[in-house]
Amino acid sequence: MTFPPLREELQGLEPYGAPQLDVPVQLNVNENPHAPSATVVAEIARAVAEAATTLNRYPDREFTDLRVALATYLSRDAPQGIAPEQVWAANGSNEVMLQLLQAFGGPGRVALSFAPTYSMYPEYARDTSTAWVQGRRETDFSLDLDAARTLVLEHRPSVVLLPSPNNPTGTALPPEAVSVLCEAAGDGLVVVDEAYGEFRRTGTPSALELLPRYRNLVVTRTMSKAFALAGARLGYLAAAPEITDAIRVVRLPYHLSAITQAVALAALRHAPELLGKVDELRAERDRTVDWLRGQGLRVADSDANFALFGTFADRHAVWQGMVDRGVLIREVGPEGWLRVSIGTADEMAQFQNALSEVMSTQVMGTEEGAR
Ligand code: PMP
């Protein structure tokens, strides 16, 4: 055994994480560019001060008030309504998904998704000793439903991870895709990760609508994106109560601190204001996609607050050229592509200026069909 006695499958691996560089325009981790207003800051500070008066005690393990508030919020996208017993929350949807794999994955079980997709998924599988199976998306990043169904029937995963909209491509899933996979999965869970759900284009329904129909469907959300609360770390899900009950077996005691619960509750009381910039960001996204296409680039259709564009023979050179001009984007996704998060109108203008410059000063050979 070597020291420290790291598990063999973890040896030599780099920790996940986008570069955190100190540049003026940060468009690399799909954050909301709008900081909370002075009113919301004051309300959060008041809620934290109140929670601080009882910090000698452990918090409410069942985060009862927060579950009620999250259920009320989710009910907007679910005509049937969402009950508090259907809601679970943790420190970011990353932790929610790790808990799902701790409870429903594990040795001898399979988790399945379709690439290109969120690169943390295989890490949740690895960390819970769950086998990982990855199908492929089509060249437009949609799912071939027949092939997806066949893959699920072949591998019988206990968890299927389906982001909608997908990261890093921005692709939303049509409701038929969720139905086909819920039916194919049998008793396995189908987790529709709607981290970017609030940014979806008009006419794209949320998978929350399908919850009454499929007992194996789980829909995850986060306050990190549309809610502009990435620093607070609050992710959540809606599913059948048997599923939320089962997750309690693997959660650490008091995993949601009293401070986290107070901050999330205060933010939910100000939901309309915090979500007020979503429409503006969706419009900015559509403008960005049009502008990139106008430059002759390929851009994946996006229902999220980012756009995947390319393709570049040397994407790293483009990324570096952007950093040199003070704009941080993300080198992620299939070879040749880059992803930009949608910032303020001013930030997007700086992004456009920098990219125009980089594209005119470099030999920008494109790599057609790179995947
Ligand atoms: N799912 C997807 C598809 C994501 O892109 C992210 C964050 N980038 C997450 C989940 C996790 O977000 P958080 O833990 O902040 O809720």
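In which strand is Trp-132 found? In this predicted model, in which local features need pLDDT of at least 70, side-chain atom pairs count only at pLDDT 80 or more, and totals for chains, interfaces and linings use all residues, Trp-132 is found in strand S4 (residues 131-136). Residues are numbered from 1 along each chain as its sequence is written, and side-chain values use heavy atoms, with hydrogens and water left out. Helices (H or I, at least four residues) and strands (E, at least two) are DSSP runs, numbered from the N terminus. Trp-132 is partly exposed, with a relative accessible area of 26%, where buried means under 20% relative accessible area, exposed over 50%, and partly exposed in between (1.4 Å probe, protein chains only). The C-alpha atom of Trp-132 is separated by 6.4 Å from that of Pro-122, the two residues being 10 residues apart along the chain.

A pair of aromatic rings is described by the distance of the centres and the angle of the planes. The structure holds 11 aromatic pairs, counted where rings of Phe, Tyr and Trp (its six-membered ring) have centres within 6.5 Å, with planes under 30 degrees apart taken as stacked, over 60 as edge-to-face and the rest as tilted. Among them, Tyr-196 and Phe-306 have ring centres 5.0 Å apart and planes at 80 degrees, so this pair is edge-to-face. The pair links distant parts of the chain, 110 residues apart, since Tyr-196 belongs to the loop between strand S6 (189-193) and strand S7 (217-222), and Phe-306 to strand S10 (residues 306-310). Both residues are buried, Tyr-196 with a relative accessible area of 6% and Phe-306 with one of 0%. The rings of Phe-309 and Phe-312, with centres 6.0 Å apart and planes at 90 degrees, are likewise edge-to-face; Phe-309 is buried at 0% relative accessible area, and Phe-312 is buried at 1%. One aromatic cluster is formed by Tyr-16, Tyr-118, Tyr-121 and Tyr-124.

A charge is taken to sit over a ring if NZ of Lys or CZ of Arg is within 6 Å of the ring centre and within 35 degrees of the ring normal. Arg-339 lies over the face of Phe-306, at 5.5 Å from the ring centre, and the charged end of Arg-67 sits over the ring of Phe-63, 5.0 Å from its centre.

The ligand is surrounded by 13 residues, of which the closest are Ser-93, Asp-193, Tyr-196, Thr-222 and Ser-224, a residue being near if one of its heavy atoms lies within 4 Å. An oxygen atom of the ligand lies 2.7 Å from a polar side-chain atom of Asn-167, and an N or O atom in the side chain of Ser-224 is 2.7 Å from an oxygen atom of the ligand. For Lys-225, a polar side-chain atom lies 3.3 Å from a nitrogen atom of the ligand. The protein covers 93% of the 400 Å² of accessible area that the ligand has on its own, as computed by the Shrake-Rupley method with a 1.4 Å probe.

Helix H3 (residues 92-104) has 13 residues, which at 1.5 Å a residue should span 18 Å, in agreement with the 19 Å between its end C-alpha atoms; the expected span is 1.5 Å times one less than the number of residues. Buried residues in H3 include Ser-93, Val-96 and Phe-104, and just after H3 Gly-106 takes a positive phi of about 110 degrees.

Terms used. Polar contact = N/O pair within 3.5 Å; in protein donor to acceptor, adjacent residues only side chain to side chain.
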